[in-house]
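Hi,

Here is the structure I promised to pass on.

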Number of protein chains: 2
Amino acid sequence: MKYRDVLIEEITPEMEGKEVRVAGWVHAVRRVGKLVFLIVRDFTGTIQVTFRVPKEASEEEKERYKELIKKVSKLPLESAVMVVGVVRRDPRAPRGVELAGKDLVVLNEAKSPLPLDVAGKVDAHIDTRLANRPMDLRRPESQAVLRLVSLAARAIREYLYDLNFTEVFTPKIIASGSEGGAQLVPVFYFGKTAYLAQSPQLYKELLTSSLEYVFEIAPAWRHEESDTPYHLAEFISVDVEMAFADYNDVMKVLENVVKRVIDYARERGGRWLEVLGHRPPEVALPIPRITYKEAWEIIKAEGFDVEPGEDFGTPELRKLSEVLEKEGKTSGGFYFIVDWPADVRPFYTKRKGSDVVGGKEVDLSESFDLNWKHLEISSGSTRIHVRRELEEELKRRGLSPESFEWYLKWFDYGMPPHAGWGMGLQRLMVPVAGISNVRLATTFPRDMKRLVP
Amino acid sequence: MKYRDVLIEEITPEMEGKEVRVAGWVHAVRRVGKLVFLIVRDFTGTIQVTFRVPKEASEEEKERYKELIKKVSKLPLESAVMVVGVVRRDPRAPRGVELAGKDLVVLNEAKSPLPLDVAGKVDAHIDTRLANRPMDLRRPESQAVLRLVSLAARAIREYLYDLNFTEVFTPKIIASGSEGGAQLVPVFYFGKTAYLAQSPQLYKELLTSSLEYVFEIAPAWRHEESDTPYHLAEFISVDVEMAFADYNDVMKVLENVVKRVIDYARERGGRWLEVLGHRPPEVALPIPRITYKEAWEIIKAEGFDVEPGEDFGTPELRKLSEVLEKEGKTSGGFYFIVDWPADVRPFYTKRKGSDVVGGKEVDLSESFDLNWKHLEISSGSTRIHVRRELEEELKRRGLSPESFEWYLKWFDYGMPPHAGWGMGLQRLMVPVAGISNVRLATTFPRDMKRLVP
């Protein structure tokens, strides 16, 4: 059975008089006297179908229409249907068209009541929405966010292809973690304990010594105990790594990626942005950079008590970004913090001399975070490419070089200088799609509380 | 430090006289009298750099060149270097150019001997190659395969975008398997036992009830005990699922995907195919379809003893594909087997009456495999969209509907008729890249024996 020969958005006034077949869901039904108005929805839009008994028709045909009208008027909302109708111009209708209904087949009748309101604008609580995600995703707003996620991934890839990057698929089952063990998710692998990759870090680094410019968009896992709107146990990690490059080179790639995603959302995702009533920020390049030291001084001046050399928390970043926005030192809310203290960065981060912060000598590194307002979107650095330095950094963090030997030994054979970054795709969607929780940019989120649906 | 201002493939004869900076690896060094010839390799190609003491130069400058020549001639193979040189036309050189060397900086000296020969053509055993994968990937042939994998993923996505598909990212940590439990990989998730997704099957199905046309390219896992050239414990699964479609619709999408990948490999990956000395098969559409019944009869006639209604093994498929190729019933080696016995397909497969096979009444299904020669590349079907039928199929297979309730309950709310398929990306690379083992299309393969590197 051919369920459709056209998508709803493809029906135009120029098709007047043409018989079409659409498939979708019962979005609304309204009976007015002898007429019944049905709104059908597919993933491209909605259209009104009017069923009426034709004046010129055999008695038999009139009888069929009466039955049809009776059937349509009783249709439960969200039932899956196939509708045959004739295109009719109607200047009052959205997009100027409606269908004169000729036939309708119920493909799957929905039970009532629905677990979640689909057509209405009433926003259910996020827990209710996520528990009923298959139904929640019938809401145009929910779908719009996931369409923008798809568009973002596409924009990122197209930009990186232009720069000669190879898309890679690195292993997700690994023998040891890249950032230390606390958040590792254990896997039982052919009778052995292994872990899920927290990031493709060590693998993408190794690949710079052959494919040189590599990227990956893939799941990554952290046993994240923080139950915030911005943390997931399974997230989509966008990873870039470049041979013969330093952190300045990869910051340029990153800011262009962000700009490309936003441009793409505007140019090709305008319709989804409209559904969401959201305008992504305007980003002009370069995105401003401030050093850790400058950031620390602003935060200190605002009355926060952060030790020189320590990481910043959300309240500090919230205040910092307010100050920077006021001073015009962000680009649409985005800014880089560069040259972080070496001790708060992962072991593979290249050092960069030292500086006096708050009266204290702090060892720095060639590293950066890209933030949007208070939210860390991406982290990156120049990586160490000298084996001896890596061994020192591992030891300094209480990690054993022996357990990283599978990675370290390749640094003996001409490992190139390299740099890269990782970005949380769902976090990027906070400014791009205007969502308040990264779970809304996820089909079926996984966190401390959620393993189903 | 700026390591490069040009990639090797970007250097053309038209740039004669221009000073350029390249970065890469020492591919070969040859000293001839007072000259030294260095071949540098980056991921785009190789170039010869000739170092000679200039005739017109200060004594100091001549001394610097002599030191440089001494340094270059002692460079261990595969060391990472940065080279400054002046472009010189040379009709004898590949692509007509070489560099007159002016300076060289060793960025990371390689130890010798190397664990694997990079420049040579000697093929090491696959186990040696995979154990030394970071070094193996420096070989142009190894890189070429991964470049073609990247290109294949790109071709697939671009075709599906054109058809209005949304790329989705479904959860990889799941509460229960979709195909039964034997090959599930257990995960320890916040104190609970969960599993790694064997496929996004049930999630992509649920998404057809909102986003309708969805696809995903992502890792999937099976505790695969078969140690063959075609099985991996972690593989890249290409998944497509369409609402309001049946198996004929999605077979059309699949054959176009395969054709697009091969066209793309030829048009944009010609260089990698040349490195591999491989020509992918010519595929004309439609790819021929034979029914299970027809296949069974051919296999039977060839003397194999397969019960009517049973699945085929590799020897049977090998013979079948030989017969079909001889009769011109494949397209470049590809063919569909359709209408499989319902009992050898997963629970979500829609039934399709019955037929007499080998004198026995066999219940059939709206299902297909796409094979290339003896190799199953993809599997798909029309799915069941009626809850009651799903429950029956689960019970028939000894699975409990209760444990699938999180999935089944959404079939109560207008689940659309739908169909789809899954394809092993690495398997598709067997005909596309001409490889003999799916591990060669994988950065760092995972199987029974391999957890590192």
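Below are my notes on the chain pair, the domains and a few backbone details.

First, the ground rules. This is a predicted model, in which local features need pLDDT of at least 70 and side-chain atom pairs count only at pLDDT 80 or more, while totals for chains, interfaces and linings use all residues. Residues are numbered from 1 along each chain as its sequence is written, chains are lettered from A and ligands numbered from 1 in the order in which they are written, and side-chain values use heavy atoms, with hydrogens and water left out.

**How the two chains meet**

Between chain A and chain B, 99 residues of chain A are in contact with 99 residues of chain B (contact means heavy atoms within 4.5 Å). The two chains bury about 8700 Å² between them, and 63% of that is on carbon and sulfur atoms. Buried area here is the accessible area, with a 1.4 Å probe, that two parts lose on being put together, summed over both.

There are six salt bridges between chain A and chain B (a side-chain nitrogen of Lys or Arg within 4 Å of a carboxyl oxygen of Asp or Glu). A:Lys111 and B:Asp412 form a salt bridge, with their closest N and O atoms 3.4 Å apart. The interface of chain A and chain B also has 49 residue pairs in polar contact, both residues being at pLDDT 80 or more. A polar contact is a pair of N or O atoms within 3.5 Å; within protein, one must be able to donate a hydrogen and the other to accept it, and residues adjacent in sequence count only if both atoms are side-chain atoms.

On the side of chain A that touches chain B, helix α4 (residues 140–162) of chain A gives the most, with nine residues. Helices (H or I, at least four residues) and strands (E, at least two) are DSSP runs, numbered from the N terminus. By class, that side of chain A has 61 nonpolar, 17 polar and 21 charged residues. Ala, Val, Leu, Ile, Met, Phe, Trp, Tyr, Cys and Pro count as nonpolar, Asp, Glu, Lys and Arg as charged, and the others, Gly among them, as polar.

How are the copies related? Chain A superposes on chain B by a rotation of 180° with 0.0 Å of shift along its axis, at an RMSD of 0.0 Å, which is the relation of a two-fold axis. A:Val187 is the residue of chain A that comes closest to the rotation axis, at 2.2 Å (C-alpha).

**The domains of chain A**

Chain A is assigned domain 1 (8–108) and domain 2 (135–441), with bounds from an automatic or database domain assignment. Their centres, taken over C-alpha atoms, are 49 Å apart. Seven residues of domain 1 of chain A are in contact with five residues of domain 2 of chain A, and the area buried between these domains is about 520 Å². A:Arg41, A:Phe43 and A:Glu78 lose the most area on the domain 1 side, together 66% of what that side buries. The rule finds two salt bridges across this interface.

**Backbone details**

The peptide bond from A:Val452 to A:Pro453 is cis, with omega near -5°. Another cis peptide bond joins B:Ser112 and B:Pro113, with omega about 0°. A:Lys373 is not a glycine, yet has a positive phi of about 50°.

Happy browsing!

Methods
Copies are superposed by least squares on the C-alpha atoms of residues with pLDDT of at least 70 in both.
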